[in-house]
Amino acid sequence: CSLLNTTAAARIARSPYLRWRKLPQPPPVLHHGGDRARLPGRHGHVTRTMADRPLKASQQRRAKAMIAAAAAGSAGRVAVPLLLCALLAFSGAYVLDDSDGLGREFDGIGAVSGGGATSRLLVNYPEPFRSEILDYLFKPNFGASLHILKVEIGGDGQTTDGTEPSHMHYELDENYFRGYEWWLMKEAKKRNPNIILMGLPWSFPGWLGKGFSWPYVNLPLTAYYIVKWILGAKHYHDLDIDYIGIWNERPFDANYIKELRKMLDYHGLQRVKIIASDNLWEPISSSMLFDRDLWKVVDVIGAHYPGTRTAWNARMTGKKLWSSEDFSTINNDVGAGCWGRILNQNYINGNMTSTIAWNLVASYYEELPYGRSGLMTAQEPWSGHYVVEAPIWISAHTTQFTQPGWYYLKTVGHLEKGGSYVALTDGLGNLTIIIETMREIQELQVWYTKLRGPSERLHFKQLDSLWVVLKLIPPFGALQ
């Protein structure tokens, strides 16, 4: 995947109902704490690099103006006036139009802690560095500003980079203070009370298999084990789990999924939704099409590393489609470029309304499998040193300008010379446009139409261009 050169996000308010809003500003310098000398950090791709300049002809680029038109109509439940604006000038026109209705509901961007022990070192960081790291991950309008946190339900098994403990080592054992995922979920909620919480087992303790390495030997017992984890989260930590998975990248059992739904409902957990199967699009999608009872109990089809594409059967189910694990790439600038591409094109190519990165923070030793595959790096608690890597800021281009519950416009797609664009609205007049491209953008051109009384009416008025100020930071060539 090539290096992402530019990611641009713009929020445009539609007059006369709303006024222009300033973009949030990320911190200007990355912080490296601890006993080491504080090093100058690498800046990520930040939205604040756009600056207003006087309108002038772009003779050097000889680019055509690109016009985006969003017609009055069905932006959520609020009728809004006509909006005309230009996104960028390469060639041709890219139209944004909501007159034919909106696209799918946006469900958020998130990351995984677990699979396994990927956040192990974070809990040992001294303050204030630990809180600073957590702020970069979860604090709204600050860093990654994640909408979703997905955690491993520990099962006493080695699951990639380590082992996370089970809340039930054996049948009569219960302890809801083992490990650090409880702590992490509470810290995430403390910063963002609206964050969505998910749980997924990567392994199961051996006693569930009754002598076999298979959790589906006794379906009610395994379902009860998972439900106890959800109940423990609420009773001991006041955490409401929103989604629960089946078994990470392993075979599913349709009867177990139905049993899990029954067990959830029996314990008053009707609000907890089921995501399946955290593997590939098939065979879960085909099974749901042929099994009406299975279709009823699965709320979201989640696939891992889908390559921005979905299967035909998955679309035919009519269920929400998520990339429930993605990225898994070293968090340098090349990896950040891949992450930016995924965030846009998972929806454009595959109608996926949520993307979840593995993993949240590389808080495990780099020599272990998939070293530095987190959105940021925090692997030295003894020194307090951590690095806010570029994927944090790539995430911010989507997360700081959208929220779950917004809707994509139907008119999203690919740029003629490479890259992509998506647009989302909250239905209240706010529009966010996110552009990712391997090519350099230097100017955003804007046209504006205002439908009001005769004295205030404006038709197709060209406003001052938005100029993108780019500064390469050696030695990595990262954009500032």
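Here is a short chat about a helix, a strand pair and an annotated span in a predicted model.

Visitor: What makes α8 largely enclosed by the rest of the structure?
Guide: Buried means under 20% relative accessible area. In α8, 16 of the 18 residues are buried, so the rest of the structure largely encloses this helix.

Visitor: How do you know that the reach of α8 is close to the expected one?
Guide: Helix α8 covers residues 333-350, and its first and last C-alpha atoms are 25 Å apart, against 26 Å expected at 1.5 Å a residue. There's still a kink in α8 of about 35 degrees, centred on N344.

Visitor: What is found at the start of α8, and what follows α8?
Guide: At the start, a side-chain oxygen of N332 comes to within 3.2 Å of the backbone nitrogen of V334. After α8 comes N351, with a positive phi near 60 degrees.

Visitor: Why are β21 and β22 called paired?
Guide: Pairing takes at least two bridges, and these strands have three, so they count as paired, in the antiparallel sense. Across the pair, Y448 of β21 sits opposite K461 in β22.

Visitor: Which way do the residues of β21 point?
Guide: W447 and T449 point one way, Y448 and K450 the other, and all are buried.

Visitor: What does UniProt place at residues 408-439?
Guide: Its unreviewed entry puts "domain: Glycosyl hydrolase family 59 central" there. In the model, that span is 56% strand and 0% helix, with end C-alpha atoms 24 Å apart.

Conventions. Residues numbered from 1 in each chain as written. Predicted model: local features only at pLDDT ≥ 70, side-chain atom pairs only at ≥ 80, totals over all residues. Heavy atoms only, no water. UniProt positions renumbered as here; feature names shortened; annotations may be inferred. Helix = DSSP H or I, 4+ residues; strand = E, 2+ residues; numbered from the N terminus. Expected span 1.5 Å × (residues − 1). Bend = angle between axes of the 7 residues up to and from the residue. Buried < 20%, exposed > 50% of the residue type's maximum accessible area, 1.4 Å probe, protein only. Polar contact = N/O pair within 3.5 Å; in protein donor to acceptor, adjacent residues only side chain to side chain.
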